Amino acid sequence: MERPRAVSGSNAVLLLALVVGLGVRVGPILAHAWPLHDGGLFFRMISEIVADGLRIPSVTSYGNAGIPFAYPPLALWLAALLKSLTPMSLADVMRLLPATFSVLELPAFFLQAAQPRVVPWSKVAELSGPAP
């Protein structure tokens, strides 16, 4: 009979990061029924994308101001797609989608950070720009 493997140190760190990340990111959204931080404009923009058959309009009618639809559209379009494909309310989509991506970034960052790279000091100097 094979013994179960113990969790390695790096896996334990990733697991801890995921648990803390879930608590930090999901905790506040469960406490509120509306998306945090100025969700009205984005709510309207996503609603307009859904109403227009997932096409990005040239302007948004938010506040009847004719604001150009100049925001990067991928996140708005993904939220509109999720709203179109599921019975979730748009408020729930706007609360849960950012938290989901935020928590999914943790393993990606962890994997990237786990591979050390040697950067020559000359490259660091190039990135820092000229001395004042």
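These questions and answers go through a predicted model, starting with its largest pocket.

Reader: How much space lies in the largest pocket, and which residues lie nearest its centre?
Author: The pocket holds about 480 Å³ of space. Its lining counts 21 residues. Those nearest the centre are F42, A75, L76, M94 and P98.

Reader: E48 is buried yet has no salt bridge; how far away is the nearest side chain of opposite charge?
Author: E48 sits in helix α2. A salt bridge needs a side-chain nitrogen of Lys or Arg within 4 Å of a carboxyl oxygen. For E48, the nearest side chain of opposite charge is R44, and the distance is 4.4 Å.

Reader: Which side chain does E48 join in a polar contact?
Author: E48 is buried and lacks a salt bridge. Its side chain does take part in a polar contact of 2.8 Å. The partner is T60.

Reader: Is R95 buried or exposed, and which side chain does it contact?
Author: R95 belongs to helix α4. The cut-off for buried is under 20% relative accessible area. R95 has 12%, so it counts as buried. A polar contact of 2.6 Å joins its side chain to that of D92.

Reader: What is phi of L54, and where is this residue found?
Author: Most residues other than glycine have a negative phi. L54 has a positive phi, near 70 degrees. L54 is found in the loop between α2 and β1 (59-60).

Reader: Is L54 buried, exposed or partly exposed?
Author: Partly exposed covers the range between the buried limit of 20% and the exposed limit of 50%. L54 has 23% relative accessibility, so it counts as partly exposed.

Reader: What is phi of N64, and what is its relative accessible area?
Author: N64 lies in the loop between β1 and β2 (67-68). Its phi is positive, near 50 degrees, and N64 is not glycine. Exposed means over 50% relative accessible area. N64 is exposed, because its relative accessible area is 76%.

Definitions and conventions:
Residues numbered from 1 in each chain as written. Predicted model: local features only at pLDDT ≥ 70, side-chain atom pairs only at ≥ 80, totals over all residues. Heavy atoms only, no water. 1 Å grid on protein atoms, 1.4 Å probe; cavity = no way out; pocket = protein on both sides within 12 Å on 5 of 7 lines; lining within 4 Å. Points joined across faces, edges and corners; volume = space filled by probe spheres on them. Helix = DSSP H or I, 4+ residues; strand = E, 2+ residues; numbered from the N terminus. Buried < 20%, exposed > 50% of the residue type's maximum accessible area, 1.4 Å probe, protein only. Lys, Arg positive; Asp, Glu negative; His and termini not counted. Polar contact = N/O pair within 3.5 Å; in protein donor to acceptor, adjacent residues only side chain to side chain.
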